[in-house]
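Q: Can you walk me through this model? I'd like the sheet, the domains and one of the ligand sites.

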Amino acid sequence: MLFMMFLHSINVLFILIGSCNPLDNGMMRTPPMGWLAWERFRCNTDCKNDPENCISEHLFKTMADRLASDGWRELGYEYINIDDCWTAKERDSKGQLQADPDRFPGGIKALADYVHSKGLKLGIYSDMGNFTCAGYPGTTLDTISIDAQTFAAWGVDMLKFDGCYSNSSDKAIGYPKMSAALNATGRPIAYSCSWPAYEGGLPPKVNYTLLGDICNLWRNYGDIQDCWDSVLAIIEWYGNNQDALQPAAGPGRWNDPDMLLTGDFGLSYEQSKSQLAVWAMLAAPLFMSNDLRTISREAMDILQNRLLIYIDQDALGVQGKRIMKSHAIELWKRTLIAGQYAVAILNKGTDGMPTPFQTSLALMNILDCKQGYKIVDVFAKTEQGSFRLNDTIFLKVNPTGVVLLFIMPLC
Ligand SMILES: *[C@@H]1O[C@H](CO)[C@@H](O)[C@H](O)[C@H]1NC(C)=O
Ligand SMILES: *[C@@H]1O[C@H](CO)[C@@H](O)[C@H](O)[C@H]1NC(C)=O
Ligand SMILES: *[C@@H]1O[C@H](CO)[C@@H](O)[C@H](O)[C@H]1NC(C)=O
Ligand SMILES: *[C@@H]1O[C@H](CO)[C@@H](O)[C@H](O)[C@H]1NC(C)=O
Ligand SMILES: *[C@@H]1O[C@H](CO)[C@@H](O)[C@H](O)[C@H]1NC(C)=O
């Protein structure tokens, strides 16, 4: 592993990584990044009255255009993913799923071609059960194979497989069966499983060894909603259950705490940074669900923070953990490649004044390099300086905000 870093100026950070790992043949060796329709656009099928925002090929082409032209793709945001409500109400005469003919007049194959022409990948959605969650045709045990073949024939690159309208025993058959069916198509199709979310997300009901063998990522908790309480609930659940969840993640197999809300209506600027910081600590997939046509410069800057993306995409693929919780403050730590670390200090409090917080490398159990570490504030894009192991690190964390630190060994 060749590692080079240039701290160019306090405002610009260029990071180059050259890696050579012959074992990494599979998909999603780092958490996937892209855009997913659900949180922001839901099941809006009213193209007559709301043509710019309805679930349609127009929406996905438009978002693909933005991913390709506004710097997203180059940063790794490469998937453009369809969620529920894309199909017609019935399968076609051959029993295949078909896109709604009015909203997707060109069909999914043409949409996939378009997305590929932009250097992006297309994700699609179906549901292990009688119906999708929104009531569209589901994928039952007997249609798994035909649906996998249909998606492959269309040139789809990823499948999110939801779990409404089926029971646990059918899910236990259906999720592994879809994994095998996707593999049998011969087309690499990344596989996102909603299975654990329907089984409470925890062992013994959820077998994370099995999930890691059959899925590239999985949702294990409820759907995110456009508000801070929802983000907090997810963070709390991941922290409380980290002993079960953290070992499940690794290259090719990721916990998915759900979509990013930055650019939407519910989170403040501070809260948007907090969600991203904790998601980076969790080695989470980074799927935005926002309107890339109208996103503010401020929201774009957070989502396009190179060092944050670098932390999320770290090649070791070790999920971080909450290492301290005291009053409103939580400290999350993630071990990165080449002796580096990332630490997020989250202030869940709403006391109007930034909360002072002191720590040291030694207190955070960052001790490998006796000479000390250089610390960079990821969002402020400032160098905090070099610290010996026992030097006090003084921070102030804004209400419902975060300080995200990138920590490089001086050794
Ligand atoms: C799915 O449909 C089958 C066959 O009609 C039925 O037996 C089963 O109860 C349904 N399952 C759910 C969860 O609706
Ligand atoms: C689950 O649903 C299937 C029908 O899809 C049915 O045959 C089976 O008996 C159900 N199992 C349980 C445990 O309810
Ligand atoms: C199918 O699985 C085999 C064995 O795990 C793997 O080597 C191969 O790359 C997979 N193919 C596809 C298309 O996923
Ligand atoms: C979990 O799944 C793995 C892989 O399929 C299997 O070897 C193991 O026995 C399962 N564990 C439990 C507790 O069922
Ligand atoms: C840091 O402080 C602890 C406790 O005071 C001390 O035992 C340790 O030797 C110090 N480490 C360094 C590197 O100064």
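The chat below goes through those topics in turn.

Q: What should I know before reading residue numbers?
A: Residues are numbered from 1 along each chain as its sequence is written, with chains lettered from A and ligands numbered from 1 in the order in which they are written. The model is predicted: local features need pLDDT of at least 70 and side-chain atom pairs count only at pLDDT 80 or more, while totals for chains, interfaces and linings use all residues.

Q: OK. What's the strand order in the open sheet of eight strands?
A: The order is β9-β8-β7-β6-β5-β4-β3-β10, and the pairing is parallel. Strands here are DSSP runs of E of at least two residues, helices are runs of H or I of at least four, and both are numbered from the N terminus. Two strands pair if DSSP finds at least two bridges between them.

Q: Which are the edge strands?
A: β9 (254–256) and β10 (286–288), each of which pairs on one side only. Neighbouring strands of the sheet are turned by 25° against each other on average, direction ignored. Axes are lines fitted to C-alpha atoms, for helices over the stretch in contact, and angles run from 0 to 180 degrees between N-to-C directions.

Q: How many bridges join β3 and β10?
A: Three, in the parallel sense, with β3 covering residues 33–36. F287 in β10 is the bridge partner of G34.

Q: And which strands does α4 touch?
A: Helix α4 (residues 107–117) packs on the sheet against β4 (79–81) and β5 (121–127), and its direction makes about 145° with that of β5. Contact means that C-beta atoms, placed from the backbone, lie within 7 Å.

Q: Switching to domains. Where are the bounds?
A: Domain 1 is 29–312 and domain 2 is 321–409, with bounds from an automatic or database domain assignment. Their C-alpha centres lie 31 Å apart. The contact takes 18 residues from domain 1 and 20 residues from domain 2.

Q: Which helix gives the most on the domain 1 side?
A: α11, with eight residues. α9 (228–240), α11 (269–281) and α13 (306–312) each supply at least two residues there.

Q: Last one: which residues are around ligand 4?
A: N207, T209, L210 and D213, where near means a C-beta atom, placed from the backbone, within 6 Å.

How values were computed: Contact = placed C-beta atoms within 7 Å.
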